[in-house]
Amino acid sequence: MSAAAQSGANQAVRVMVTGAELVEEARNLLVSHQVETIYAPAYSTSDDLANLAREKEVDAILVRQGQINRSVIDASPRLRVVAKHGSGVDNIDLSAATARGVPVLRALAANAQSVAELAISLTLTLMKDVVPLDMAVKGGSWPKTKYVGRDLAGAVFGIVGYGEIGQRAASLARGLGMQVSAYDPFAEGTADVPVSRDLEAVLRAADIVSLHCPLIPQTHHLINAGRLAMMKPTAFLVNTARGAVVHEEALVAALRSQGIAGAASDSFEVEPPAADNPLWTLPNVIVTPHIGGASRSALRNMAVQSAEHIIGVLEGRGYDSRALANKDLVAPLEAECSSEGGME
């Protein structure tokens, strides 16, 4: 039964997508279930999103960008499900959704490999001085006779957050001969990758600290001035998690004082970041525009899973309980677990 038939309503069943157009497979899937897609412009404000949701009386929201606050969630009386095009739900008001009885569903491990690959790519770029060497050669220098590089083999790759992405990053790092240690207050380790409950110990030992934890109140500014000071002055910080896991002002200070050797970040506390962000002035920083999960396979997996979550709820079949972000929700439509992989 299609979503429209299940609703029994005269008007079309509608999903509001906050951001860029979905991949073709997801678009076709929604159309085949008679779900009309309404696209909100990229980086719309919460007020803009609430107005659009109210005007169109949407049945679902598929979140790619934007802050989905209480005003957005309460805007449409028909709203039945929110699906995240990814795993991080820090931009969605879970308590507001729970109060409405609306499940918020993550894409399960859909972009894990892509994000892990970017973390390793940034690690290689930092440790092998790719950017400064590129600039030197293009600027007319030839530092071959003076340059002494770093070895990846034997370097300690410290992971903060040992979920699906952290585990995949660990596998890639071990393949390069790196020693891997991890911090996670809940996950269990293995003989090859020990998982510590002591964040300080991991920070002090690591040559690279790679962040893979979700943004929750306990991890907001987890990497602050004090914790940056625990790192080796020769160590690098790589953030492919959420921007606010790192205190940006403290990071700028640590980089300027050479408290750490460098940093790479795919996300920022404010996105898009300001044109005069002080990080841009630092030669030992590499940045990318929050594209860790933007590989072809990841975009396909996230979009299709999100569409499937929406269709499942709108057609009365429920959802995979592992995808549920607002765990306090009483979920009469919860379905049997069916998808593979874990959540970051």
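Start with the open sheet of seven strands, whose order is 8-7-6-9-10-11-12, with parallel pairing. Strands here are DSSP runs (E, at least two residues) and helices are too (H or I, at least four residues), numbered from the N terminus. Two strands pair if DSSP finds at least two bridges between them. Strands of a sheet pair through backbone hydrogen bonds, either parallel or antiparallel.

This is a predicted model: local features need pLDDT of at least 70, side-chain atom pairs count only at pLDDT 80 or more, and totals for chains, interfaces and linings use all residues. Residues are numbered from 1 along each chain as its sequence is written, and side-chain values use heavy atoms, leaving out hydrogens and water.

Stop 1: Now select strand 6 (residues 156-160) and strand 7 (residues 179-183). They run parallel, joined by five bridges. Find Gly-158: its bridge partner in strand 7 is Ser-181.

**Stop 2: helices on the sheet.** Contact means heavy atoms within 4.5 Å. Angles run from 0 to 180 degrees between N-to-C directions, and axes are lines fitted to C-alpha atoms, for helices over the stretch in contact. Next, select helix 8 (residues 164-175). Helix 8 touches strand 6 and strand 7, and its direction makes about 175° with that of strand 6.

**Stop 3: strand 4.** Select residues 81-84. Which way do the residues point? Val-81 and Ala-83 point one way, Val-82 and Lys-84 the other, and all are buried (under 20% relative accessible area, with a 1.4 Å probe and protein chains only; exposed is over 50%, partly exposed in between). Strand 3 (residues 60-63) runs parallel to strand 4, joined by four bridges. Val-63 has Lys-84 as its bridge partner. Two bridges join strand 4 to strand 5 (residues 104-105), also parallel. There, Ala-83 stands opposite Leu-105.

**Stop 4: a helix pair.** Finish with helix 2 (residues 24-32) and helix 12 (residues 296-314). They pack at about 15°, with axes 8 Å apart. That makes helix 2 roughly parallel to helix 12 (angles under 35 degrees). Show the contact residues: Glu-25, Ala-26, Leu-29 and Leu-30 in helix 2 meet residues of helix 12, among them Arg-300, Ala-303 and Ile-311.

Notes: Angles under 35 degrees count as roughly parallel, over 145 as roughly antiparallel, 65 to 115 as roughly perpendicular and the rest as oblique.
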